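This report concerns strand pairing and helix packing in a single structure. The sequence and the coordinates are shown first.

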Amino acid sequence: MLSHKLPKTYQAEKIEDKIYQKWEKSGKFNPDNLNLPPQSPNFTMVLPPPNITDKLHMGHASMLAIEDLIIRFHRMRGYRTLWVPGTDHAAIATQNVVEKKLLQEKGLTRHDLGREKFLQEVWSFLNKTQKTILHQTRKMGASLDWSREAFTLDKQRQKAVAQMFVDMYQEGIIYQGERLVNWCPRCHSTLADDEIEYKPQKTFLYTFRYWKNFPIPIATTRPETKLGDIAVAVHPQDKRYKKYIGKIYKGNFCGNFLEIKIIADKKIDKNFGTGAVGVTPAHSTIDWELGEKHKLEIKKVINEKGEIHSFYKKFKHLSSQEARKKIIEELEQKGLLEKKEEIENNLSLCYRCGTSIEPLPSKQWFVSVDKPLKKLGGKSLKEKSIEMVQKNKIQFIPSRFRKRYFYWMENLHDWCISRQIWFGHRIPVWYHRKNKNKIYVNIHPPKDIQNWKQDPDVLDTWFSSGMWTFSTLGWPENFKNGKKLNDLKYFHPTQMLETGYEILTLWVSRMIMMSLFALQEIPFEKVYLHGMILDENGKKMSKSKGNGIDPLDMIKKYNTDAVRLSLLIGNTPGNDIRLSEDKIASFRNFTNKLWNIIKFSLLLINNDTEKIKKIDTTYYQLTLSDQWIIYEFKNLIQEVTKLLKIYNFSLAGEKLYNFTKHSLADWYLEIAKIERNKNVKKIILKNIEEDLLKLWHPFIPFITEYLWEIQKKKKLLMISNWPKNNKYDFLNKNNFLYSSLTFNKKNIYSKKEVEKNFNLIKEIIVNIRRIRKENNIPLGKKIDVFIQANIQDKKIISQETKIIKNLFTYVKEIKFIQKQPQNVKTIKQPITGKIILYVAIENALNTKEEIKRIEKELQSLIKFKNILNTKLANKDFIKKAPATIVKKEKEKLQEVTKKIKELKLYQKKLIQ
């Protein structure tokens with residue numbers, strides 16, 4: 001297809017879906033179809049399975065763009081590349097969404113329907129949302145191996161999860177016991193420590209005594225839990241309370257009998273409150289630990305509904321807040337409240353529904369993280385997981401997240417894995433109906449099922465997703481007698497996990513533990529952690545704020561490649577990135593620029609009508625610009641490859657962008673229109689445009705694949721070989737890009753010389769253009785240029801006068817001089833080294849008219865500056881206006897001040 005048949009601009013809406021269908025139909029997303037040599041290295045990643053409760057957001061789009069870039073880069077470099085797709089059932093989140101939907105549309109609760117009918121509603125909902133998400137994933141260009149698609153709750157994963165539970169139970173790693181858990185009164189389920197969100201709040205710290213003759217005042221933010229106090233803890237070295245340690249006091253607290261023991265513990269902060277803390281083991285993690293250490297009784301105050309238990313008659317069925325208010329009133333009436341002061345602390349919230357968390361004792365299933373395991377060399381899951389990172393078996397990108405990982409793992413408690421909901425992996429445990437102490441744990445139900453009742457709870461979603469790297473590769477079927485088979489053998493451990501830093505503890509740490517238990521090996525070698533996508537003001541995107549950007553809307557309005565580039569360039573590992581529609585639009589403009597660059601290149605390559613009657617060696621001589629672009633491109637290949645290898649995607653993209661837009665388009669292609677050696681240009685551009693499409697492909701796969709396709713290439717760009725910069729080593733040899741073509745070696749320079757010489761020409765051209773612009777010289781007005789230079793520089797400039805005069809400088813004559821011209825009004829500009837440029841401006845413009853124009857512009861700018869100064873001097877504006885607006889106004893003031901200064905200098909020159 002010839003370039004002149006291409007549309008003027010890139011029409012993504014007509015191309016993208018067809019390109020993706022072509023990729024998928026080719027089967028090349030599947031590494032088994034890549035026809036690679038047996039010794040080819042593997043590169044495997046699993047897609048962090050998105051929750052299928054809602055459509056994809058910009059965070060998902062960022063993840064897909066980064067991961068697809070990594071995958072396409074490795075595929076083109078000859079790796080046996082596998083990217084495993086899948087989605088997550090997201091148990092609590094999905095159940096919450098369906099429950100809300102049922103209530104809004106039918107006025108029903110899950111209990112009205114019953115477990116079986118409710119689960120039918122859930123699956124009906126998921127069948128729709130899953131299709132939507134998979135469609136959106138394809139729209140982002142994700143080159144996933146769809147033949148290996150998985151779902152965290154499909155039959156294969158159900159079997160694997162049940163087997164893992166049974167194996168861990170038999171090893172004594174999974175156990176059932178009553179411990180303090182994080183309870184969500186809204187979801188009616190437990191939550192893991194890292195599923196809690198914290199919201200800063202202002203609250204009150206109350207200082208009071210249980211009864212009048214109680215010797216120690218205590219301070220608390222939750223007086224309602226004091227109904228269950230069993231002790232008061234003080235620091236053993238606190239002189240104020242030493243004499244009370246070990247004593248027991250009995251009395252009446254708000255109509256409730258308490259027996260309080262004074263205990264000593266070094267964990268108590270002497271400086272917080274009164275230095276004395278009422279201990280309620282049933283409703284505080286710290287108090288639970290104190291209770292275990294000092295063997296204290298557990299008295300429950302708050303139930304699963306978040307209400308006071310019925311045996312506290314005065315407060316029964318009241319919410320925590322209601323009970324707190326009533327207790328404070330009673331303490332005030334009795335003169336027991338000594339102080340009430342406002343403080344700031346963090347409120348614990350359910351990460352799914354935002355309800356306040358209640359720490360409650362509950363009988364649940366747990367994974368022991370501290371139990372030594374023979375299969376792990378006598379180390380616990382926690383210890384082995386820490387060791388793998390300490391020994392760099394697993395590396396974090398960026399490395400600073402090692403510290404966060406170690407902190408989390410070293411302070412990790414046993415993991416509560418049971419959830420009191422209906423949707424999810426049912427716990428493979430049955431209880432005997434008659435003998436309550438008899439339980440049955442197996443992947444299959446007991447044969448006499450009528451005598452057994454299955455545990456109603458389901459497993460924590462992170463339990464199943466923690467198995468994602470190996471359950472998707474066929475575990476347990478592909479793991480027999482301690483040996484890996486088939487996909488598990490070829491592709492595990494995976495080479496990389498790419499995910500958001502916010503789930504380092506939620507998911508990454510658990511994947512490491514689960515893989516170590518199941519396979520005694522790490523799940524991945526590297527973990528790349530991306531940041532959050534923020535709006536243009538640095539705020540987190542959310543539906544409630546209305547500041548989110550829908551990736552599909554942006555794809556439709558601009559194109560997928562523009563969306564991908566906006567998420568890749570400027571995005572560095574571990575850091576949040578700001579995104580605006582303007583940024584996406586700018587990269588849409590760039591894709592159009594690339595379209596036109598390739599279009600022009602193909603026009604020159606395919607439609608060269610210049611007739612050459614006799615070929616001589618001088619015709620094939622490489623010009624300075626030819627040598628420069630070849631060296632530049634050779635260096636580009638080397639730098640981009642190196643940066644992508646170390647996962648510095650943003651800088652790699654920036655280098656590609658600058659080369660494409662500036663080095664290639666603004667300089668070489670414009671010079672190619674002027675210089676005469678068209679056949680050499682054709683060969684250079686043919687090679688560069690092909691390899692440039694390859695370099696860009698992992699970033700912007702759709703437009704590059706299409707531009708590749710129209711050239712009728714034999715195979716897809718997606719599976720073409722990655723460029724090698726030694727292909728461009730011909731400048732150091734006696735051949736050109738094609739061995740059959742020779743050229744005159746005269747004026748062939750070293751890389752250093754080429755850079756120096758070409759930069760000299762560039763600087764001359766840029767300064768001439770700048771002087772024309774600053775002096776408002778009309779483009780149609782030709783000017784003379786005088787250059788003072790040494791013999792060597794004069795030689796280079798002389799050879800390139802045609803370029804200097806014709807590259808939008810509108811120069812009439814270039815004259816070499818020994819000293820500054822005396823009879824011509826010029827503007828002097830020193831250039832690199834000892835070169836001095838003189839641009840003649842006499843008669844180039846109407847000085848009187850120009851002075852009038854400048855005076856008018858200065859008046860307008862000074863007026864605008866005064867308005868800005870007045871606004872910024874207004875204290876109310878500074879105080880009330882958003883910081884971003886104030887910042888923009890200050891930037892405007894700086895710009896206008898700079899412009900006024902420049903115009904005044906120019907005005908001075910004209911008057912002289």
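Four strands make up an open sheet of mixed pairing, in the order β29-β28-β31-β30. Its edge strands, each pairing on one side only, are β29 (811-816) and β30 (826-830). On average, neighbouring strands of this sheet are turned by 20° against each other, direction ignored. Helix α22 (residues 751-774) packs on the sheet and touches β28 (783-788), β29, β30 and β31. The direction of α22 makes about 35° with that of β31.

The model is predicted: local features need pLDDT of at least 70, side-chain atom pairs count only at pLDDT 80 or more, and totals for chains, interfaces and linings use all residues. Residues are numbered from 1 along each chain as its sequence is written, and side-chain values use heavy atoms, with hydrogens and water left out.

Strands are DSSP runs of E with at least two residues and helices runs of H or I with at least four, numbered from the N terminus; two strands pair if DSSP finds at least two bridges between them. Contact means heavy atoms within 4.5 Å. Axes are lines fitted to C-alpha atoms, for helices over the stretch in contact, and angles run from 0 to 180 degrees between N-to-C directions.

| Pair | Bridges |
|---|---|
| β30 and β31 (residues 836-840) | five bridges |
| β10 (residues 248-253) and β11 (residues 256-264) | six bridges |

Lys828 stands opposite Tyr838 in β31, and Phe253 stands opposite Asn256 in β11. β10 and β11 form a hairpin with two residues between them, and Cys254 in the turn has a positive phi of about 55°.
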